[in-house]
Amino acid sequence: MVRERETPKQQQQVSYTVEQLVAVNPYNPDILPDLENYVNEQVSSQTYSLDANLCLLRLYQFEPERMSTQIVARILVKALMAMPAPDFSLCLFLIPERVQMEEQFKTLIVLSHYLETGRFRQFWDEAAKNRHIVEAVPGFEQAIQTYAIHVLSLTYQKIPRPVLAEAINIEGLSLDKFLEHQAANSGWILEKGHGRGQLIVLPRNEFNHPELKKSTADSVPLEHITRIFPILG
């Protein structure tokens, strides 16, 4: 008996996106190849899916013999790029300790610690020694620079040029062009000065200007007051 060919509509019904596979069947080891391919797709397209990556790491726990350390390393690098989100810790929790003891993973854990503690000079020095790990994922340097600027914006109203240069690992003419771009597009103000004496005024926010933070200590929502009336009565 000849099997009838599937119609385009039927073919569409059996074709699922990775997100659908994760949502419908997250513990099925048959989806491992799809999830691994999706990690590589995230790397090449500079996209990111924490849910899919966590699902893959969970499946590796049940199928340890199928674990690809290259894929795991790429997941952790992508997680570092998502800081200040806690994605790196979430992913690391699902990786066996014996795997974490491999040299490339110990390096990534050190890099994570430097970022979490704002030790950017040490971070860039360590990253430079391990380019083969971090440069395998396009956009890594730019993502970390964005995170460093985020941290600085929580701390500084005005930032000395050398501090900024160290945090984002840019110097000289490249830094001049970067500052011009930020001044034109992000509201940075470059105070007069040359070289190391230059100061950069960062946009105001509730962290570097605490007076901007709205205080709710003295305000009580109306619905809370109405709930009190029956009790008083």
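## Helix 5 and I75

I75 is found in helix 5. In this predicted model, I75 has a relative accessible area of 1%, so the residue counts as buried. Apart from neighbours within four places in sequence, I75 is in contact with V39, N53, L56, L57 and C91.

The number of disulfides in the model comes to zero, the rule being a pair of cysteine sulfur atoms within 2.5 Å.

## Overall make-up

The chain holds 14 helices and three strands. It has 233 residues, of which 37% count as buried.

Among the contacts with a separation of 6 or more, 56% are between residues 24 or more positions apart.

## The largest nonpolar core

The largest nonpolar core is made up of 65 residues. L35, L108, F123 and L164 are the members with the most contacts inside this core. Helix 5, residues 69-81, gives the largest share of the core, with nine residues. Residues of the core come both from domain 1 (17-138) and from domain 2 (156-210), so the core lies between the two domains.

## Contacts around L164

L164, named above for its contacts inside the core, touches L152, I159, L175, L179, W188 and I200 when residues up to four places away in sequence are not counted. Two of these partners, L175 and I200, are described in turn below.

L175 is found in helix 13. With a relative accessible area of 1%, L175 is buried, because buried means under 20%. L175 and L164 are separated by 11 residues in sequence and by 9.2 Å from C-alpha to C-alpha. With neighbours within four places in sequence left aside, the contacts of L175 are R161, L164, A165, I168 and I170.

## I200 in strand 3

Strand 3, residues 199-201, contains I200. The relative accessible area of I200 is 0%, so this residue is buried. Its contacts, with neighbours within four places in sequence set aside, are Q157, K158, I159, P160, R161, L164, L179, W188, I189 and L190. Of these, Q157 lies 43 residues from I200 in sequence, with 8.4 Å between the C-alpha atoms.

L164 and L179 are among the contacts of I200, and L179 is also among the residues that L164 touches. R161 is listed both for I200 and for L175.

## Helix 11

Helix 11 covers residues 140-155, 16 residues in total. The distance from its first C-alpha to its last is 23 Å, close to the 22 Å expected at 1.5 Å a residue.

The buried residues of helix 11 are F140, A143, I144, Q145, Y147, A148, I149, L152 and S153. One of them, L152, is touched by L164.

## Backbone exceptions

Most residues other than glycine have a negative phi, and most peptide bonds are trans.

The peptide bond that joins M83 and P84 is cis, with omega at about 15 degrees. P84 lies in the loop between helix 5 and helix 6, the latter spanning residues 87-93.

Q46 is not a glycine, yet its phi is positive, at about 55 degrees. This residue sits in the loop between helix 3 (32-45) and helix 4 (50-62). N169, also not a glycine, has a positive phi of about 60 degrees. The loop that holds N169 runs between helix 12 (161-168) and helix 13 (172-185). At a relative accessible area of 33%, N169 is partly exposed, because that value falls between the 20% and 50% limits.

Conventions:
Residues are numbered from 1 along each chain as its sequence is written. This is a predicted model: local features need pLDDT of at least 70, side-chain atom pairs count only at pLDDT 80 or more; totals for chains, interfaces and linings use all residues. Side-chain values use heavy atoms; hydrogens and water are left out. Helices (H or I, at least four residues) and strands (E, at least two) are DSSP runs, numbered from the N terminus. The expected span of a helix is 1.5 Å times one less than its number of residues. Buried means under 20% relative accessible area, exposed over 50%, partly exposed in between (1.4 Å probe, protein chains only). A nonpolar core is a set of buried Ala, Val, Leu, Ile, Met, Phe, Trp, Tyr and Cys residues joined through side-chain atoms within 4.5 Å. Domain bounds come from an automatic or database domain assignment. Contact means heavy atoms within 4.5 Å.
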